[in-house]
Structures are given as structure tokens and as C-alpha cells.
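Hello,

Here is the structure I promised to pass on. Please have a look at it first, and then read my notes below.

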Amino acid sequence: NGLIVSFGEMLIDFVPTVSGVSLAEAPGFLKAPGGAPANVAIAVARLGGKAAFVGKLGDDEFGHMLAGILKQNKGARTALAFVTLAIHALAFVTLRADGEREFMFYRNPSADMLLTPDELNNNIIYIAKVFHYGSISLIVEPCRSAHLKAMEVAKAAGALLSYDPNLRLPLWPSAEYAKEQIMSIWNKADVIKVSDNELEFLTGSNKIDDESALSLWHPNLKLLLVTLGEKGCRYYTKNFRGSVDGYHVNTVDTTGAGDSFVGSLLGKIVDDHAIIQDEARLKEVLKYACACGAITTTKKGAIPALPTHSEVLSVLNGAK
Ligand code: ATP
């Protein structure tokens, strides 16, 4: 199995103990380890693939707790730097009754923002067959330079570059800056996954259709995916496009659904890039990815909800 290296932040999401409340109304919070790039690495490992997470954690109780979680997930190697200067990043997140997700972040600065280019473990990045990243690591220096260097090392070594911008607007100084920075690395990616909300934000169009999706196409792109929550996803390649339906499940918390989807997709294409050019095979892989996303919504938090292969099979078989 080829190695999937995921770069960026790992943090703790604090999710309300009861559903459908605003952060202010929440009576209490549960610790839920998360951070999109870490979720992706663990999603891959839990499905039986080989993954590594590259990032920086706080040298504190929470940072070591998170390092322990990566270790517990057989298959998720780590290339971690620790920092004593900053506390670990915390995010309070809730899905309100009106369906909107509300975030509040404590990271001023947090450990992940302080990763320097010199701290990168190039040995791990160099052997990546897929290198995956988001955009939160582009917000401030020195992490931004570390991110750009890691991408360069991975690309030079021949890895497939996978990008999920994972827009978290409250973390950016302005919406314009977020868009500019997210787009600044757009043309380097081989595979890009955006959610419907991100599509609207990046294109400025309020339509989720082929035209707006294809306005995000770039000449070197191999696969563009637009995830649509419970409705599944749409896919675009140079030669074909189409959609895959979602699965109906008992959703309690959608956090991590996109990361689960991406992790499972990368786990399938890492050893067989040709899947991207074969529509029938790609559709099978995306059905599997949608099942992974769906399962992840059935439990609170991201990492605890990431499925194993046998859990995915039971959803796929149940849907037949
Ligand atoms: P996140 O940022 O929460 O990780 P996202 O917004 O990037 O997620 P989504 O579109 O929410 O991505 O979800 C990814 C995939 O997970 C979808 O394409 C779908 O297959 C599955 N999924 C998400 N939400 C649901 C749901 N409520 N019911 C069933 N499947 C879902």
C-alpha cells in the first residue's frame, strides 16, 4: 500500500452534549479530537490503508492526548513537532437547530500555526504517494511557508496532490484574503474536493451546477469533486462528469463527513491512479466514499465516527 501523507492541523473540537443548540445555549461540551488533515490520515488508517500526519501539536495534555490518538490508529504514522510556547488549538463547534454550523476558535497562536519549514520531516513527505492538505495552514506564517515547502517536496517526489480547502471563514482576517489564499495554490492540485458551500464561496455563484463547478477547473486537474451533504457528490474529470447519490442514515453530527469521504477516496486511488480515468470504477469508489461520509455523521465528533471497512460494507450491502 502506498503512503498517504496528510499535512496541517490537529485540534480538539468541543461539541455540545446536546444537539441542535447554539454555542451560548450549550449546557456542556464533549472533547472530540479533530482537525481536517488529521481526520483524513485517521480515516485512511481505519480503512486499512497507510497514512501519516505531519503537523505540530502543543506540548501539553491535549497535544499529547492527540498524539496518542494518532498512535492508536494502526497505520497512521506521525511526523510531529511539539511546541511548549503555545497551547493546543481548541475549537467549539455546534450544529444549531437551523442547520447552520457555528464555530469559535481559541488559537492565538496555537501550536499548528507555529510549524516552521525546517521542522518538516522531509523523509516522510518524500515517500508519499499522495500528499493531502487544506487551507487553514495558509493563514499565517511560519506555517504557511512550511505548507508551501511540503507541497513542493511532495510534488518533486512525484506524489499526487490532493486539496480540500475546508473553508473556516472565522479563522481568516477577511473573506477576500481567504479566497485569494485558497486560490493561490489551486493550480498545483491533482485532486480537489469542495463542499457545496465552498463552491458558492469560491465562485461567487449561488448555483450548485456544472457551470459553476467547471469554473473551478484548471488544466492540470485530474479530478474535481463537489460534495453535497446527504445528497452525495458530483464528480468532474477531463473526459466525463456525473453524480453519486448519498445514503440515508440517522445523522447526529456531520463533522468530519467530508474528511471521511476524502480519506476513503485517497485510500482507493493511492495505488491505482487509473481509477480516475475509468468512470465505472470511479463511481464505485465514490459510492464507497459517500457511505463513509454518511457513517461519520451517525456519531458525535469526527475521529470517533470514522468507519472501518466492515462498517462501510454493511451500509453498502444494506442499501442494495
Ligand atoms: P465536513 O466539513 O463536515 O467534514 P463537507 O461539508 O466537506 O464536510 P459534506 O458534503 O458534508 O462534506 O459530506 C461529505 C460526504 O459525506 C457527502 O458527499 C455525503 O456522501 C456524506 N454525507 C454528509 N452528510 C450526510 C448526511 N447528513 N447523510 C448522509 N450522508 C452524508
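In which strand does L225 lie? L225 belongs to strand β11, residues 223–227. Before going further, a word on how to read these notes: this is a predicted model, in which local features need pLDDT of at least 70, side-chain atom pairs count only at pLDDT 80 or more, and totals for chains, interfaces and linings use all residues. Residues are numbered from 1 along each chain as its sequence is written, and side-chain values use heavy atoms, with hydrogens and water left out. Helices (H or I, at least four residues) and strands (E, at least two) are DSSP runs, numbered from the N terminus.

Back to L225. Its relative accessible area is 0%, so it is buried (buried means under 20% relative accessible area, exposed over 50%, and partly exposed in between, with a 1.4 Å probe and protein chains only). Apart from neighbours within four places in sequence, L225 is in contact with I192, K193, V194, R234, Y235, F261, L265 and L286; contact means heavy atoms within 4.5 Å. The C-alpha atoms of L225 and P165 are separated by 12 Å, and the two residues are 60 residues apart along the chain.

Two of those partners, F261 and L265, turn up again where helix α8 meets helix α9. Two packed helices are described by the angle between their axes and the distance between the axes. The axes of α8 (residues 257–269) and α9 (residues 279–296) come within 7 Å and cross at roughly 150°. Here, axes are lines fitted to C-alpha atoms, for helices over the stretch in contact, and angles run from 0 to 180 degrees between N-to-C directions. On the α8 side the contact includes A257, F261 and L265, and on the α9 side it includes L286, Y288 and C292. Its residues divide into 9 nonpolar, 4 polar and 1 charged (Ala, Val, Leu, Ile, Met, Phe, Trp, Tyr, Cys and Pro count as nonpolar, Asp, Glu, Lys and Arg as charged, and the others, Gly among them, as polar).

Helix α9 also packs with helix α10 (residues 309–318), at an angle of about 105° and with the axes 9 Å apart. That angle is why α9 is roughly perpendicular to α10, a label for 65 to 115 degrees, while under 35 counts as roughly parallel, over 145 as roughly antiparallel and the rest as oblique. K287, Y288, A291, C292 and I295 in α9 meet H309, E311, V312, V315 and L316 in α10. This contact divides into 7 nonpolar, 1 polar and 2 charged residues.

Next, S162, which sits in strand β9 (residues 160–163). S162 is buried, with a relative accessible area of 3%. Its side chain makes a polar contact with the side chain of H132 at 2.8 Å (a polar contact is a pair of N or O atoms within 3.5 Å; within protein, one must be able to donate a hydrogen and the other to accept it, and residues adjacent in sequence count only if both atoms are side-chain atoms). Beyond four places in sequence, S162 touches residues including V130, V191 and L266.

Finally, two loop details. The peptide bond from E141 to P142 is cis, with omega near 0°, and P142 is in the loop between β8 (128–133) and α4 (143–156). N166, in the loop between β9 and α5 (175–184), has a positive phi of about 45° although it is not a glycine. N166 counts as buried, at 9% relative accessibility.

Best wishes
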